[in-house]
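Here are my notes on the model, as numbered points. Please read them with the structure open.

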Amino acid sequence: MFKSISLRRRESLWGYFFISPWVIGFIIFTAGPMLASLVLSLTHYDIASSPIFVGFDNYVKLFTGDPKFWHALRVTMTYAFIAIPLNLIFGFLVAYLLNLRVPGVAFWRTIYYLPSVMPGVATALLWGLLFNPRIGVINWLLSLVGIKGPGWLASPQWALPALILMSLWGVGGGMIIYLAGLQGIPTSLYEAAQIDGANRWQQLTRITLPLMSPVIFYNLVTGIIGTFQYFTDAYVLTGGGPVDATLFYNLYLYKQAFTYRNMGYASALAWVLFVIVLVFTLLVFKSSDLWVYYEGEMRG
Amino acid sequence: MRTSATKPQRSKKRAERLEKIIGLVILTIGAVAISIPLLWMISSSLKGKNAVNAFPPQWIPREPVKVELDGRACYLYDIPIDGEMRRLALYRKNGPTGIFVDPENPEEQYEAPVLDGKRVTRIKFHWENFGLALKAAPFARYALNTLLIVVFGTIGTLLSCTLVAYGFARFRAPGMNWLFLLLLATVMLPPQVTLIPTFILFTRIHWYDTLYPLIIPTFFANAWDVFLLRQFFMSLPRELDEAAIIDGCSYWCILWKIIVPQSFPALATVAIFTMLYAWNDFYEPLIYLQSPEHWTLALGLQGFNALYAKQGHLLMAASLMMVVPPVLIFFFAQRLFIQGVVVSGIKG
């Protein structure tokens, strides 16, 4: 009896030992800094001098005295509401077509996924050339069909649409996940539906979409989180301009922290970002009851 | 009986084939759209200074041909002379009229309106762009820094995540499940929330502007890779572990002699993702690395852009060189790669 307890304990201790790198890392790089940034968000701090406690001043200023905060939020949300659905639709479409058992699936998959493995800086610089209003390929293509292309990244109206267009180049990232999901749907379901006389559209809406809804749900959540991390393309291509047209939330936070050295204010921005992401994710989770179908529910 | 059974089958087959053709057409259009930027990068990297700024854009870089006459470089033209197309060099311009000379026979001279002629061009790839770009900035230094981060970051991630995943996959202890949920929850945490105190911490211990902030944290495991490895370890049969224990094997020896040898695909997947991430990352190097001698390739490329923005050919040559390694890794490890995306994507 005693021996078995001590064996148990031995196992537990070894278990803790093996996960200890993560536990230590969690304390040093996650839990500690989280607490610290919460405290910092209540101070004015520029690293050089010691922090000054100011209570909720940063938050008050953020919500009532900082139009740039609201502007950055608007830019980020606009991007999220357009780029995420577009990427979802196109990614799903490509995966759906590949799943029709067309010849050369591996070939197509490679081409579509390729942009997703390339370094962000290199692709941003490339798109900078493509978007050049005078000599760029995009305006040249538009001129072939008789459209005079806009100034894209140099234009306050067109800079954000340009970045959204650019995001579609990464459509393969979502596609890979959709494709794997589609391949996991048993063909027997479709065969049964065909015997019952269901056409393609009915098969799509009654079988494919319900079974794929958890995957779509996952991509939606990661898409929202990803938009609030959006940084490299805007930093490299526009620096947030022209006239703040592409001042994404994360870029604004970066500027507050590392350009203006407002560490306290940037910490407040980070916590507001955290809450926003959390609220959106919870909203998506809550709404998922309405549209996400999990296998096994049927039996219940 | 027989014909009535095959007929609907045949029309179904035909419908399926039509579907595939429509699918292929749409896929081709999309693939062309995806490829245009890639081809443009390759094409631009091989252009001369004039071709890269030419409009309409040139897909295959061409350059006007020059010949030497009296020690002067003259453009070669195709021009009609007395109703006959000739290939002549433009020797001198007199307003709109040009003096054209046959380069084979310089005594032969003609006067003709320059606008009637067309400059002779030939395909020319500027392979030297790659060398010029490399010389224009200390890319060797950037590559070395990047490789240090890639190599040590991969070692750190593999070591720490293997240990932690083994702990979560094989050991029962009070609070273990709770800790695992906590680990998964960290995926949802935006890195900005911890960024500033972490930055201050690294500044305090004088690690700002060194590679340490980009390497050391990898030795403390991360949620994605632990999750991926744990899933894999859990799928391995426990009987082997138990047999090994009876043979007097320690937990270390089980991990090293039994789990790890069976897990090469999963470990390779983690390694590939870590390498790719470290190679491509821009955000963290931007925050922690200040002086150019510590820059990574991503930072170096951005710095190069600031200086050479007008020289698209060199910029694209440098970009292409940075793009090739991850693309090669992707090509050679495609299966592992896609499995990894899918495991972390679907089951996560």
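1. Helix H13 of chain A. This helix covers residues 263–291 of chain A, and at 1.5 Å a residue its 29 residues should span 42 Å; the end C-alpha atoms are 41 Å apart, which agrees. The expected span is 1.5 Å times one less than the number of residues in the helix. Helices (H or I, at least four residues) and strands (E, at least two) are DSSP runs, numbered from the N terminus.

2. Basis of the model. This is a predicted model, in which local features need pLDDT of at least 70 and side-chain atom pairs count only at pLDDT 80 or more, while totals for chains, interfaces and linings use all residues. Residues are numbered from 1 along each chain as its sequence is written, and chains are lettered from A and ligands numbered from 1 in the order in which they are written.

3. Burial in H13(A). Among the buried residues of H13(A) are Met263(A), Tyr265(A), Leu269(A), Trp271(A), Phe274(A) and Val277(A). A residue is buried if 20 or more other C-beta atoms lie within 10 Å of its own, exposed if 12 or fewer, and partly exposed in between, with C-beta atoms placed from the backbone.

4. Tyr265(A). This residue is found in helix H13 of chain A and counts as buried because it has 26 C-beta neighbours inside 10 Å. Leaving out residues up to four places away in sequence, Tyr265(A) touches Asn58(A) and Gln256(A). Contact here is between residues whose C-beta atoms, placed from the backbone, lie within 7 Å. Gly239(A) is 26 residues from Tyr265(A) along the chain, and their C-alpha atoms are separated by 20 Å.

5. Chain A overall. Chain A has 13 helices and two strands. Its radius of gyration is 25 Å, well over the 19 Å that the globule rule gives for 300 residues, so chain A is more spread out than a compact globule. The radius is taken over C-alpha atoms, and the globule rule is 2.2 Å times the number of residues to the power 0.38. Along the principal axes the C-alpha trace of chain A spans about 85 × 75 × 35 Å. Of the 300 residues in chain A, 37% are buried. Among contacts in chain A between residues at least 6 apart in sequence, 67% join residues at least 24 apart.

6. Backbone points to check in chain A. Most residues other than glycine have a negative phi, and most peptide bonds are trans. The peptide bond between Gly241(A) and Pro242(A) is cis, with omega about -10°. Pro242(A) is in the loop between helix H11 (232–237) and helix H12 (249–259) of chain A. Val243(A) lies in the loop between H11 and H12 of chain A, and its phi is near 40°, a positive value in a residue other than glycine. Phi of Trp152(A) is also positive, near 45°; Trp152(A) sits in the loop between helix H6 (137–144) and helix H7 (159–167) of chain A.

7. Buried or exposed: which applies to Trp152(A), and which to Val243(A)? Trp152(A) counts as buried, because it has 25 C-beta neighbours inside 10 Å. Val243(A) counts as exposed, because it has 10.

8. Chain B overall. Chain B contains 15 helices and eight strands. The globule rule gives 20 Å for 348 residues, and the radius of gyration of chain B is 31 Å, well over that, so chain B is more spread out than a compact globule. Its C-alpha atoms fill a box of roughly 100 × 85 × 40 Å, taken along the principal axes. In chain B, 36% of the 348 residues count as buried.

9. Domains of chain B. Chain B is divided into domain 1 (62–123) and domain 2 (130–347), with bounds from an automatic or database domain assignment. The centres of the two domains, taken over C-alpha atoms, are 60 Å apart.

10. The interface. On chain B, 77 residues are in contact with 69 residues of chain A. Helix H1 (residues 2–45) of chain B gives the largest share of the chain B side, 16 residues. That side has 55 nonpolar, 19 polar and three charged residues. Nonpolar means Ala, Val, Leu, Ile, Met, Phe, Trp, Tyr, Cys and Pro; Asp, Glu, Lys and Arg are charged, and the others, Gly among them, are polar.

11. Cores. The largest nonpolar core has 143 residues, and Ala270(A), Val164(B) and Val226(B) have the most contacts inside it. A nonpolar core is a set of buried Ala, Val, Leu, Ile, Met, Phe, Trp, Tyr and Cys residues joined through C-beta atoms within 7 Å. Leaving aside neighbours within four places in sequence, the contacts of Val164(B) include Phe18(A), Trp22(A) and Val226(B). A second, separate core of 10 residues includes Tyr77(B), Ala89(B), Phe100(B) and Ala112(B).

How values were computed. Contact = placed C-beta atoms within 7 Å.
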